[in-house]
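Please open the model in a viewer and keep the selection panel at hand. The tour begins with aromatic rings and then turns to a pair of helices.

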Amino acid sequence: KRLETELRGHEKQSEQAQIIKGIIGSMARQVEALDPPKWILAARGQPSAPGVPTLFISDVHAFEKVFPSQINNVNEYNGKIMRERFRVLVDTAIHLLRIISPKLDYPGIVIPLGGDMISGNIHDELTATNELNSMPAVFEMFGILVGIVNVMADTFGAVFLPCVSGNHGRDTMKIWNKDRHHTSVDWLLYRFLAKHFETDKRVTFFIPDGSDAYYKVYDHAYLLTH
């Protein structure tokens, strides 16, 4: 009787787990397994077509503060400068791609996110000097990246984002080999972004469970790692 009772309990838990998987499963499969959009698999149009551009975003270290007086005034960094750099990044990318193809005749754009989106608290000096702590930094970065993806989707028609975690956003003393992504706020940020855009057919995320992202653009293979 005890064993039968335990079996019924396990069966009930299994049924509940299946229900939960049914609720969240489609989005999880979409971002964890590579399901590339058709426009990055095969070239279209004439051989002279401009192809697929890539805009690589990595090592933002958002809201870290670099004090110019401490480094002979050769550099400075803070949240305001980071936002301005993002504006210049997007404007310059679109400007250069318009020079190559005035009509922006691209099938889409690939935007790899390479990790270290925030500064994090991995060192005492960062904990003491960061402009924002990790959670508000993630919140602010979410808004910034949503804006960038929207602009790129409106400009190029489609966006593919392979994503890997870095080392700065971790909540462990050292980087874990197992469960690396699940101890990184980079991964959490990517999943929030994927959830935000899950109904936007122009935007495709690839967020593998491992530390590397393998993907192809036409016949060129890429390995994204931090």
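Rings of Phe, Tyr and Trp (its six-membered ring) pair if their centres lie within 6.5 Å; planes under 30 degrees apart count as stacked, over 60 as edge-to-face and the rest as tilted. The model is predicted, so local features need pLDDT of at least 70 and side-chain atom pairs count only at pLDDT 80 or more, while totals for chains, interfaces and linings use all residues. Residues are numbered from 1 along each chain as its sequence is written, and side-chain values use heavy atoms, with hydrogens and water left out.

Select Phe160, Tyr215 and Tyr222, which ring pairs link into a cluster. The whole structure holds four aromatic pairs. Phe160 and Tyr215 are edge-to-face, at 5.8 Å centre to centre with 70° between the planes. Phe160 belongs to strand β2 (residues 159-162) and Tyr215 to strand β4 (residues 213-217), so this pair ties together parts 55 residues apart in sequence. Strands (E, at least two residues) and helices (H or I, at least four) are DSSP runs, numbered from the N terminus.

Next, centre on Tyr215 and Tyr222: this pair is stacked, with 5.3 Å between centres and 10° between planes. Display the surface. Buried means under 20% relative accessible area, exposed over 50%, and partly exposed in between (1.4 Å probe, protein chains only). Phe160 is buried at 0%, Tyr215 is buried at 7%, and Tyr222 is partly exposed at 37%.

Finally, select Met82, Arg83, Phe86, Val90, Ala93, Ile94 and Leu97 in α2; they meet residues of α4, among them Glu140, Ile144 and Phe156, where contact means heavy atoms within 4.5 Å.
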